[in-house]
Amino acid sequence: MRIALLGGTGDIGEGLALRWAFHSDHEIVIGSRDPEKARAKADEYQETIESRGVDTKLTGFENAMAADRADVVVLAVPAYHIADTIEAVEDSLEEGDILVTPATGMKRDEDGFHYHKPGAGSVTKIAVDAAPEGVPVVGAFHNLAAGRLTDLDADLGIDTLVLADDESAKSTVASLAEDIDGLRALDAGGIANAAEVESVTPLLINVAMNNDGLHDLGVRFD
């Protein structure tokens, strides 16, 4: 499949791009508001993968052009840019395309990180409300540490929780997730459950910050 990572020049976008390029045959497109930055990062990621003996091709485009070239569009942007990013690329989306959001709303104070629940109920629901008709939204990859993803020498051995009201779209994204070695996709139900999944991310960050040896923490359900 063709997967576009909008905001793919950031940490989570880089991690997913490298993992998919390294572990799968999917076509990876890097998106950014700045097309030159997208192309430069795509070349950088490609060089990283090829240095490990894997022949791959990554391309970079402005976000709307990246979305136009993809079947699955990952919104690898901060929570407060989700709706604006969807609005900016909506003319590039077609019925049957899939939007994926890993974003979590967080705030920080002197005690640590806390889940910042938006008025819509979850960041995933914000994406649902902004998405064009006929374009399903899937929540996934919320609780993954970007540093662990980008370290291709690291064995993941972790889970990602996948949420959607569209069962076909959920199945497609779960399959894409499991194309990454060491990542297991678990069905967490519908979009109504998104807040529970998103709120795990600040918990993991707090645990990682307060315990030696738990940097880039992930979760595994047994």
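Good morning. I begin with Glu198, which lies in helix α8, residues 194-198; helices (H or I, at least four residues) and strands (E, at least two) are DSSP runs, numbered from the N terminus. The model is predicted, so local features need pLDDT of at least 70 and side-chain atom pairs count only at pLDDT 80 or more, while totals for chains, interfaces and linings use all residues. Residues are numbered from 1 along each chain as its sequence is written, and side-chain values use heavy atoms, with hydrogens and water left out.

Is Glu198 buried or exposed? Glu198 is buried, that is, under 20% relative accessible area with a 1.4 Å probe, protein chains only. Glu198 has no salt bridge, meaning a side-chain nitrogen of Lys or Arg within 4 Å of a carboxyl oxygen of Asp or Glu. The nearest side chain of opposite charge, Lys117, is 9.1 Å away; here Lys and Arg count as positive, Asp and Glu as negative, and His and the chain ends are not counted.

I turn now to the sheet. Six strands form an open sheet in the order β3-β2-β1-β4-β5-β8, with parallel pairing; two strands pair if DSSP finds at least two bridges between them. Because β3 (58-62) and β8 (137-139) stand at the edges with a single partner strand each, one side of each has no neighbour in the sheet.

Further in, strand β1 (residues 2-6) pairs with strand β4 (residues 72-75) in the parallel sense over four bridges. Within β4, Val72 is the bridge partner of Ile3. Thank you.

Conventions:
Buried < 20%, exposed > 50% of the residue type's maximum accessible area, 1.4 Å probe, protein only.
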